[in-house]
Amino acid sequence: MSDWHRGFQTEPPKYRPVAVVDIGSNSVRLVVYDGLRRSPSPIFNEKILCGLGKGVAITGRLNEASVTRALAALRRFRTLIRQMGVKQTFALATAAAREAANGEAFIDDAEKALGAGIQILSGKEEARLAALGVLSGTPQADGVAGDLGGGSLELIDIQDGKLRDGITLPLGPLRLIDMSGGSISRARAIVDDYLGKAKVLERLQGRSFYAVGGTWRNLARLHMAQTGYPLHVLHNYTMTRNDAAGLADLVAGLSAASLKDVKDISRSRTDTLPFGALVLDRVLTLGRARNVVMSIYGVREGLLYSRLPRRKSNADPLLSSCWDFARRYARSPAHELELCDWTDQLFNKKGIAETAEEQRLRYAACLLADIGWRAHPDYRAERSLGMIAQAAFVGIDHPGRVFLALTSFFRYDGEESASENLTRLLDESHIQRAVLLAHIFKLAYILSAAMPGMLPRLGLTLEGKSKLVLTIPKKIQDLMGERVEKRLSALAAEMGRTPKVVIRQ
């Protein structure tokens with residue numbers, strides 16, 4: 001029996017919202033999360049593009065019109081935070097506020113407008129929190145994290161779950177526009193000069209670059225549209241270095257006017273996107289990264305992650321998210337934990353071989369196996385497929401996400417032809433594994449009626465090289481019936497085995 005879920009509470013997650021206010025060089029944003037948890041889900045997200053950093057490189061001061069807009073946004077955020085019952089608010093300010101001559105005066109006014117203290121992050125602290133955000137969403141991250149804001153670029157090396165020294169560079173798009181006079185060719189020389197001295201890029205060669213920031217997310221959306229990618233989920237979306245650098249180089253050469261006609265690019269980003277694309281192109285080219293991995297987690301999530309007790313921060317983010325789903329949507333969350341343990345009987349050293357990652361995905365699939373039960377029977381397969389494929393899960397790559405979605409889809413008898421667009425992200429062996437788990441789940445639910453207490457009494461094991469054995473105590477032998485026999489036979493056929501039922505004393 002596995003003890004990875006020891007201490008899990010089966011009651012639905014409590015609603016204890018926390019807010020993070022992020023005062024950046026380009027935007028002022030409020031994000032309210034459903035709690036200070038391992039995988040927090042945003043329940044409200046609003047940004048105002050105030051452009052606080054516009055002109056700071058030239059005048060040394062925050063633009064008054066931008067300050068007025070920012071303070072108005074913060075007053076609105078204060079009202080919303082009260083309306084949503086938020087008890088804990090974290091507020092931070094980055095490059096523009098820390099570097100402008102009138103930055104401290106602005107922060108004083110901002111704290112009054114927001115009704116909360118505001119922490120001005122140093123460049124190194126901003127880099128650290130961005131990297132913590134990447135790690136919280138991608139625990140296996142190995143490479144260099146880069147967070148591009150309006151005024152600065154933070155770079156930090158991540159290796160074996162540890163953060164090395166980070167740096168901050170004045171290469172945010174707003175600052176580049178100011179320093180270059182709006183010239184891409186001049187901006188390129190500026191970027192190359194700074195990056196050429198950045199020792200952290202020497203450690204990027206052949207590794208992943210984890211991209212954080214709205215500008216780079218727009219580039220990823222554009223790449224998805226160009227390639228007809230079937231899953232519109234940005235987190236852990238991966239591009240090869242050549243693909244990403246080629247796209248970034250192309251966008252860097254386009255005018256803001258031409259970008260406004262591209263539907264997959266936010267109109268509010270058209271002025272800054274060519275300069276952000278330029279920075280990505282030069283980072284990848286000079287650092288010789290293997291690929292680019294998008295992270296939707298950054299400074300805000302890194303801040304929350306840093307506040308977690310060690311027991312929670314060390315928890316698996318995917319399994320934590322799936323457990324929250326089970327607690328909200330399954331008929332009995334306790335049953336899903338039993339399902340994890342029950343399937344262990346088949347997947348072990350004497351049974352079906354699996355890697356540690358395959359085991360992790362199997363547990364996640366067990367936790368999600370019953371989330372579609374409230375839908376009409378004809379729509380449970382499609383509903384489960386959509387919920388899982390599009391969920392705000394982290395700690396999982398896109399093939400893994402599709403595997404989980406297809407497992408539930410097949411568990412509800414979804415037809416493989418209905419999911420052909422997604423199956424192109426998986427190889428045949430993983431599709432067959434999803435089908436196998438789906439058959440196991442079908443048998444489990446017909447035996448247990450989705451209620452806890454039954455599965456621990458039943459055995460499901462392999463005998464020799466030809467038998468699949470279901471063991472039932474004599475006291476409950478009436479549990480057997482036509483439906484059970486049918487599903488046991490289907491599972492055995494999927495495994496190339498013969499079914500066998502044993503009634504034990």
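Let us begin with Phe325, which counts as buried at a relative accessibility of 16%. The cut-off matters here: a residue is called buried because its relative accessible area falls under 20%. Please keep in mind throughout that what we are looking at is a predicted model.

Phe325 has an aromatic partner, Tyr329. Tyr329 counts as partly exposed, at 33% relative accessibility. How far apart are the centres of the rings of Phe325 and Tyr329, and at what angle do their planes lie? The structure holds five aromatic pairs. In the pair of Phe325 and Tyr329 the ring centres are 5.3 Å apart and the planes stand at 70 degrees, so the pair is edge-to-face. The reasoning rests on the angle, because planes over 60 degrees apart count as edge-to-face. In general, a pair of aromatic rings is described by two quantities, the distance of the centres and the angle of the planes.

Where do these two residues sit along the chain? Both belong to helix 14, residues 317-329, and because they are four residues apart there, about one helical turn separates them. Ring pairs also bring in Phe393, so that Phe325, Tyr329 and Phe393 are linked into a cluster.

Among the buried residues are His335, Glu336, Glu338, Asp341 and Trp342. The cover over the buried residues of helix 15 includes helix 14, where we began, as well as helix 16 (356-368), helix 20 (428-448) and strand 12 (459-463).

Most residues other than glycine have a negative phi. What is phi for Ala449? For Ala449, phi is near 55 degrees, a positive value in a residue other than glycine. Ala450 is not a glycine either, and its phi is positive too, at about 65 degrees. Are these residues buried or exposed? Ala449 counts as exposed, at 53% relative accessibility, whereas Ala450 is buried, with a relative accessible area of 0%.

Ile158 is placed in strand 7 and is buried, with a relative accessible area of 0%. Which residues does Ile158 touch, not counting those up to four places away in sequence? They include Ala131, Val134, Leu135, Leu163 and Arg207. Asp142 is another of the residues that Ile158 touches; the C-alpha atoms of Ile158 and Asp142 are separated by 5.5 Å, although the two residues are 16 apart along the chain.

Gly161 lies in the loop between strand 7 (153-159) and strand 8 (162-169). Gly161 is partly exposed, with a relative accessible area of 39%. Along the chain, Gly161 and Gln140 are 21 residues apart, and their C-alpha atoms are separated by 7.0 Å.

One further loop deserves attention. Ser25 lies between strand 1 (18-23) and strand 2 (28-33). Ser25 is buried, with a relative accessible area of 4%. Leaving aside neighbours within four places in sequence, the contacts of Ser25 include Gly51, Thr94, Gly150 and Leu174.

Finally, let us consider the protein chain as a whole. The chain has 21 helices and 14 strands. Its radius of gyration is 26 Å, close to the 23 Å given by the globule rule for 505 residues, so the chain is as compact as a globular protein of that length. Taken along the principal axes, the box filled by the C-alpha atoms is roughly 85 × 45 × 40 Å.

What share of the 505 residues is buried? Buried residues make up 57% of them. Of the contacts between residues at least 6 apart in sequence, 71% join residues at least 24 apart. The accessible surface of the chain comes to about 21900 Å², and carbon and sulfur atoms account for 48% of that area. As for charge, there are 69 positive and 54 negative charges, and their mean positions are 4 Å apart.

Technical notes:
Residues numbered from 1 in each chain as written. Predicted model: local features only at pLDDT ≥ 70, side-chain atom pairs only at ≥ 80, totals over all residues. Heavy atoms only, no water. Helix = DSSP H or I, 4+ residues; strand = E, 2+ residues; numbered from the N terminus. Rg over C-alpha atoms; globule rule 2.2 N^0.38 Å. Buried < 20%, exposed > 50% of the residue type's maximum accessible area, 1.4 Å probe, protein only. Contact = heavy atoms within 4.5 Å. Areas by Shrake-Rupley, 256 points an atom, 1.4 Å probe, with all protein chains shown as cover. Lys, Arg positive; Asp, Glu negative; His and termini not counted. Charge placed at Lys NZ, Arg CZ, Asp CG, Glu CD. Phe/Tyr/Trp six-rings, centres within 6.5 Å; stacked < 30°, edge-to-face > 60°.
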